[in-house]
Amino acid sequence: MKAWWEGLSSRERLLVAGGATLTLVLLLYVIAWQPFQASHRRLRQSVAEQRVELTAMQQMAREIKQLGGSSGKPPATEGRSLLTLVDQTARAAGLGTAIKRVTPQGEDRLGVQFDAVEFDKLVPWLGALERDHRIVIVNLSVDRAAAGRVNARLIVQGSRS
């Protein structure tokens, strides 16, 4: 290789050295710089897309807070006490005549006793208490009374603000 190089005229050497340098620069561009730039463009685009998503999520979070009532009070309680809420919803569900006793069990708990209540009315009412009013059923005891009717004792707890 050295003999070949020395056999070239100075003009040919300059041409070969320039070609090698140009090839090396092009090779560095293709192997290193171009992938770096493409990755940089992709990352910039990804950041822009994620910013748009973040803005949308923040807007959704504000809507959720508005719909869920950001005041911390359970929806649909309208400031009613736990006793009032349980009594009114039970009567609205057709369970009023079956309520035999409601006793306070502390600041935010009530004991409720039903005698010969229709099971098919009791279960949806319990679900509505938890779902619509955020009232937790702490304890539930159900005994069969007659066909389709049960005796039930439960302790409910209101949500804390």
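**View A. Pairing of β3 with β4.** In this predicted model, strand β3 and strand β4 (residues 149-157) run in the antiparallel sense and are joined over nine bridges. Within this pairing, V136 stands opposite Q157 in β4.

**View B. The open sheet of four strands.** The strands follow the order β1-β2-β4-β3, with antiparallel pairing. Because β1 (99-104) and β3 (136-146) each have a single partner strand, they stand at the edges, and one side of each is left without a neighbour in the sheet. Neighbouring strands are turned against each other by 10° on average when direction is ignored.

**View C. Helices packed on the sheet.** Helix α3 packs on the sheet by touching β1, β2 (109-118) and β4, and the direction of α3 makes about 15° with that of β2. Helix α4, in turn, lies across β2, β3 and β4 and runs at about 155° to β2.

**View D. The crossing of α3 and α4.** The axes of α3 (residues 82-92) and α4 (residues 119-133) come within 11 Å of each other and cross at roughly 130°, which means that α3 is oblique to α4. This crossing of α3 and α4 is right-handed. On the α3 side the contact is made by L85, V86, T89 and A90, while α4 contributes W125, L129 and H133. Taken together, the residues of this contact between α3 and α4 comprise five nonpolar and two polar ones, with no charged residue among them.

Methods: Residues are numbered from 1 along each chain as its sequence is written. This is a predicted model: local features need pLDDT of at least 70, side-chain atom pairs count only at pLDDT 80 or more; totals for chains, interfaces and linings use all residues. Side-chain values use heavy atoms; hydrogens and water are left out. Axes are lines fitted to C-alpha atoms, for helices over the stretch in contact, and angles run from 0 to 180 degrees between N-to-C directions. Helices (H or I, at least four residues) and strands (E, at least two) are DSSP runs, numbered from the N terminus. Angles under 35 degrees count as roughly parallel, over 145 as roughly antiparallel, 65 to 115 as roughly perpendicular and the rest as oblique. A crossing is left-handed if the near helix is turned anticlockwise from the far one by less than a right angle, and right-handed if clockwise. Contact means heavy atoms within 4.5 Å. Ala, Val, Leu, Ile, Met, Phe, Trp, Tyr, Cys and Pro count as nonpolar, Asp, Glu, Lys and Arg as charged, and the others, Gly among them, as polar. Two strands pair if DSSP finds at least two bridges between them.
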